[in-house]
Amino acid sequence: MDHFIYRDGVLHAEDVAVTEIAATVGTPFYAYSEATLARHFRVFDEALDGMDHLICYAVKANSNVAVLKILGDLGAGMDVVSGGEYLRAKAAGVPGDRIVFSGVGKTREEMRMVLTGGIRQFNVESEPELAVLNEVAQELGVVAPITLRVNPDVDAKTHAKIATGKSDNKFGIPIAKSRAVYAQAAEMAGIEVVGVDVHIGSQLTDLEPFRNAFLKVRELTEELRADGHNIRRLDLGGGLGIPYARSNEAPPLPMDYGQVIKDTVGDMGVEIEIEPGRLVAGNAGIMVTSVIYNKEGEGRDFLIVDAAMNDLIRPAMYEAHHDIIPVLEPEVGADKVEVDIVGPVCETGDTFAKHRMMHPVADGGLVAFRSAGAYGAVMSSEYNTRPMIPEVLVKGDQFAVIRERPTFDEMINRDKVPEWL
Ligand SMILES: *Cc1c(COP(=O)(O)O)cnc(C)c1O
């Protein structure tokens, strides 16, 4: 459920007409619903009710500081994968003891920043990382709390580019090897083992891979405890999928996902951490774009819109589907036409949808891409010297720009022509 619905013939974000936002900020833009973000956080919170838990929102899904503040103020922790994301979480007012640091390539600089600023735990992904963290912590005279991210070798049954829990992925330490690495960690003066971490992929639409992974984590935890480690936290990662095509997809509900956690590790006397990103932010955002041209091709018609792959790369990168709807509600029973919906960028990959049945939208009309709140704005670029599109936050009948569209001068003046040229 989200808060993007037609009212009086116009798509609204909560109580604000999308046409009003478009008239104020121009297209294209992203719009997020505060009520939807808050609702999704609460759904997870309720799903883990009865267990000691912390929901660490995966910042990389949508890292706008205003979005982080909404979630942080509700009590969320944050899962960050870079020093920059850590600083964003801090800027949103989230204390270090609610921030976990994930990622395969943490640098010494990032480790120093985070150890100095305060951190709940590092999710360590390799032996070399562990050794470096031990050094950096000792240089600073502190002890770094860690989990090891284990790779359980389960098939997440999702798109290959977002599966992370198979043994041939770059992520984590093979689970069979992890006991030995835990033994090394226990000997390190700059390291304190606090738990086990796993994250098997994104956009999972089946609970079985989660169940398999969590059972492997359970087994490992029992072994580690027998080895004398004080395992008091299990970080179970993110990855729960969302319905991108509303007409025919029904991924598992957070409540059922929570039940899998309870069934597999609920009795272990641990604090549970989860790191949802997509499910919190995905359906809390839309991307709104204007039709530039209706172009008739040979045997195929195109809807050329003013958003492009640099603004929303998911269709080009993951063959992802987004529902695309007119902002002005079509008449009941109005005929649909078949179109390819494309952007202006000079790449054939700049295609949002092929052979899509859609109600006609005239040149200048507005269309909205649903489920664009996660891995949308954060993955955008200025390819083709297209300004990064603004982000707008709606709460009730209020809206505000939470990231501005840069001017061309701002963009071009970042380039420096050397004197000697
Ligand atoms: C990307 C990522 C997440 C979030 O995944 P979603 O599919 O957005 O829920 C969580 N944890 C880690 C370590 C990640 O890399």
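## Strand pairing

Five bridges join β17 to strand β18 (residues 351-358), and the two run antiparallel. Here Glu 338 stands opposite Met 357 in β18. Strands are DSSP E runs of at least two residues, helices are H or I runs of at least four, and both are numbered from the N terminus. Two strands pair if DSSP finds at least two bridges between them.

β17 (residues 337-342) also runs parallel to strand β15 (residues 301-305), with three bridges joining them. Leu 303 stands opposite Ile 341 in β17.

## Basis of the model

This is a predicted model, in which local features need pLDDT of at least 70, side-chain atom pairs count only at pLDDT 80 or more, and totals for chains, interfaces and linings use all residues. Residues are numbered from 1 along each chain as its sequence is written, and side-chain values use heavy atoms, leaving out hydrogens and water.

## Helix α2

Helix α2 (residues 34-47) has 14 residues, so at 1.5 Å a residue it should span 20 Å; its end C-alpha atoms are 20 Å apart, which agrees. The expected span is 1.5 Å times one less than the number of residues.

Buried residues in α2 include Leu 37, Phe 41 and Phe 44. Buried means under 20% relative accessible area, exposed over 50%, and partly exposed in between (1.4 Å probe, protein chains only).

## Salt bridges

A salt bridge is a side-chain nitrogen of Lys or Arg within 4 Å of a carboxyl oxygen of Asp or Glu. By this rule the count comes to 24. Glu 273 and Arg 120 form one of them (2.6 Å, N to O). The pair links distant parts of the chain: Glu 273 sits in strand β13 (residues 271-274), Arg 120 in the loop between α5 (108-117) and β8 (121-124), 153 residues apart. Glu 273 counts as buried at 0% relative accessibility. Arg 120 is buried too, at 10%. Arg 120, Arg 233, Glu 271 and Glu 273 are linked in a network of salt bridges.

Lys 177 and Glu 127 also meet in a salt bridge (2.8 Å, N to O). Lys 177 is in helix α7 (residues 175-186) and Glu 127 in helix α6 (residues 127-140), 50 residues apart. Lys 177 is partly exposed at 43% relative accessibility. Glu 127 is partly exposed at 27%.

## Surface residue

Val 417 lies in the segment after α12 (408-412). Val 417 counts as exposed because its relative accessibility is 68%.
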